[in-house]
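Open the model in your viewer and keep the selection tool at hand. The tour goes from one stop to the next, saying what to select and what is there.

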Amino acid sequence: MTDLGNHVVIAPILVPLLTGTLLVLLRGSATPLRRTISMLGIQLLLAASLWLLLQVANGDLLVYQLGNWAAPYGIVLVADRLSAAMVMVTSVLALFAMMHAIQGSDRRGRQYHVLFQFLLMGLNGAFLTGDLFNLFVFFEILLIASYGMLLHGGGAARSKAGLHYVVVNLVGSSLFLFAVGTLYGVLGTLNMADLALRVAALPPEEVGLVRAAALLLFVVFALKAALVPLHLWLPGAYSAAGPASVALFAIMTKVGGYSILRVYNLIFGAEAGPLANLVEPWLLVLGLLTIVAGTIGVLASRNLALLVAYLVVISSGSILTAFGLGSQAALSAGLYYSFQSALVTAALFMLTENVARTRGAFADQLRAGPMLPAANLLGGLFLVLALAVAGVPPLSGFIGKVLIIQASLDTPAIAWIMAIVLSTSLLTLMALARAGSTLFFKTDTNAGAATLPNTANLVPVAAVAVISLLYVVFASPIYSYTEAAAAQLLSPADYIEAVLDGETLAGGETRLDSETLIDSETTSDGMLPDSGGHD
């Protein structure tokens, strides 16, 4: 690969960083200029993401060493099929969210475009980093940016939701630091590939401490992924945020799911000795409980934004239920469902704002209001997206849920998975049907007149609706890609060898550098060598 081809790995981080920095320098400039720069940055990011996806589609692992410092001593970025696909989905969502924002909602607060770009930087960095400490750093970048975006536009509801969101995530960040510090203190490294080697060769007396740190880390990722009982922050925060902001937030819970998938397959996977498959049994149970909790929230919702927020909780539970099964088929099914659910829920959030504006004082409340002048257009878009998110055949949500059930056929949990997935899908469909009929068909003669919707705001919503249909047409190649991504994820030796330049667990030996060959169990003094200071 050319030198330019190697640099494509850092491009999804560098492009929003430079765009955001430029926007900071131009903070006093006219709104059209800021919009143009922001949109051009997103388009460049989309092109870089597509290029990265094409580079790894054949199974290559691209490792980028910042400052040319080799792992585990330096910072590395790693692109494989999974991380490249997550970056691609983020870029597509960013394009549609920005298309919606530049219709006017970006004017409601200062520095919207700056925060948007830094949120993209944090998301892409979290997907591409090969280091636990830098995963923490990128988490903080995306969280700080999301704090500002949640409060964008002001108001009591957003301030209250923002305060809860900040407090909960500050607690999560503190626990993240405790977990990372413990792992570094015991293992002497935070590079994920190096951690995988050291955990596999962990002395018995240190297993308990590393297990505690790993479970604490799981609590942090479960909080980000909105798993029960750590999901309560999400509905209030997401339903209060502005539509263009929360459309991008739809991918944020996927960061938690991605981190669980990456860390607990690579570091605490099948080769981790006494810590092998550490969270797999818990993940399945918590995933199913999250689906149930999200469905109860959907049924109880009295406004559309809150209902869609609980749909995000359901999608998170469905994805992590698949991940909890652990097989290649289950992981590929979870990934397929993850990609489509992020797009569809983002579109529903954007549609919610159009409905709320059209209904005036009734906003998105699920009660009879004025007759909508564009009920067929708004209702048609809602119908397509609702059927997709509920899992009605033949749309993409149905295919994703069928794949999850199919992957569970040979497992002891099949009865629970079928009962919960099918029953909650039916209840979700009923709640969406009730919401749609109330919003688009029930009218109150004393409600006054509705306003015409902004058709430009509906363009990104319609685009995602079309993509959800194309997701069905091209289901086979997309699922083939997710299968390949799952297979690559379940082969951690390839990841370790690529990052550590030839170091593997093969043959019972591990080469830590070109001069030192140690047994995979222990060194002569009973300890693994420290990888030195961490950047």
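Predicted model: local features only at pLDDT ≥ 70, side-chain atom pairs only at ≥ 80, totals over all residues.

Residues are numbered from 1 along each chain as its sequence is written, and side-chain values use heavy atoms, with hydrogens and water left out.

**Stop 1: two strands**

Select residues 62-65, which are strand 1, and residues 76-79, which are strand 2. Helices (H or I, at least four residues) and strands (E, at least two) are DSSP runs, numbered from the N terminus. The two strands run antiparallel and are joined by 4 bridges; strands pair if DSSP finds at least two bridges between them.

Next, look at the side chains. In strand 1, Leu62 and Tyr64 form a covered face, while Val63 and Gln65 form an uncovered one. In strand 2, Val76 and Val78 point one way, Leu77 and Ala79 point the other way, and all are buried. Buried means under 20% relative accessible area, exposed means over 50%, and partly exposed is in between (1.4 Å probe, protein chains only).

**Stop 2: the largest pocket**

Select Leu53, Met88, Val89, Tyr471 and Ile478. Of the 18 residues that line the largest pocket, these are the closest to its centre. The volume of this pocket is about 490 Å³, counted as the space filled by probe spheres set on grid points that are joined across faces, edges and corners. A pocket is an open set of points on a 1 Å grid over the protein atoms alone, where a 1.4 Å probe fits, with protein on both sides within 12 Å along at least five of seven lines; lining residues have an atom within 4 Å of a point.

Which helices each supply at least two residues of the lining? Colour helix 3 (31-56), helix 4 (81-101), helix 15 (328-359), helix 19 (455-473) and helix 20 (475-489) to see them.

**Stop 3: salt bridges**

The structure holds 4 salt bridges, each a side-chain nitrogen of Lys or Arg within 4 Å of a carboxyl oxygen of Asp or Glu.

Select Arg35 and Asp106, whose closest N and O atoms are 2.8 Å apart. This pair links distant parts of the chain, 71 residues apart: Arg35 is in helix 3, and Asp106 is in the loop between helix 4 and helix 5 (112-128). Are these two residues buried or exposed? Both Arg35 and Asp106 are buried.

Move to Asp194 and Arg198, with 3.1 Å from N to O. They are 4 residues apart in helix 8 (residues 192-200), so about one helical turn separates them. Asp194 counts as buried because its relative accessibility is 1%, and Arg198 is buried at 4%.

Then select Glu353 and Arg357, where the closest N and O atoms are 2.8 Å apart. Glu353 is buried at 8% relative accessibility, whereas Arg357 is partly exposed at 37%.

**Stop 4: a nonpolar patch**

Finish with Leu299, Leu426, Leu427 and Met430, which make a nonpolar surface patch of about 340 Å². Helix 18 (residues 414-440) gives the largest share, 3 residues, while Leu299 lies in helix 13 (residues 280-300). Patches are made of residues with over 30% relative accessible area and no salt bridge, with nonpolar side chains (Val, Leu, Ile, Met, Phe, Trp, Tyr) joined within 5 Å and like charges within 9 Å. Accessible areas come from the Shrake-Rupley method with a 1.4 Å probe, and for residues only the protein chains shown count as cover. Leu299 counts as partly exposed because its relative accessibility is 31%.
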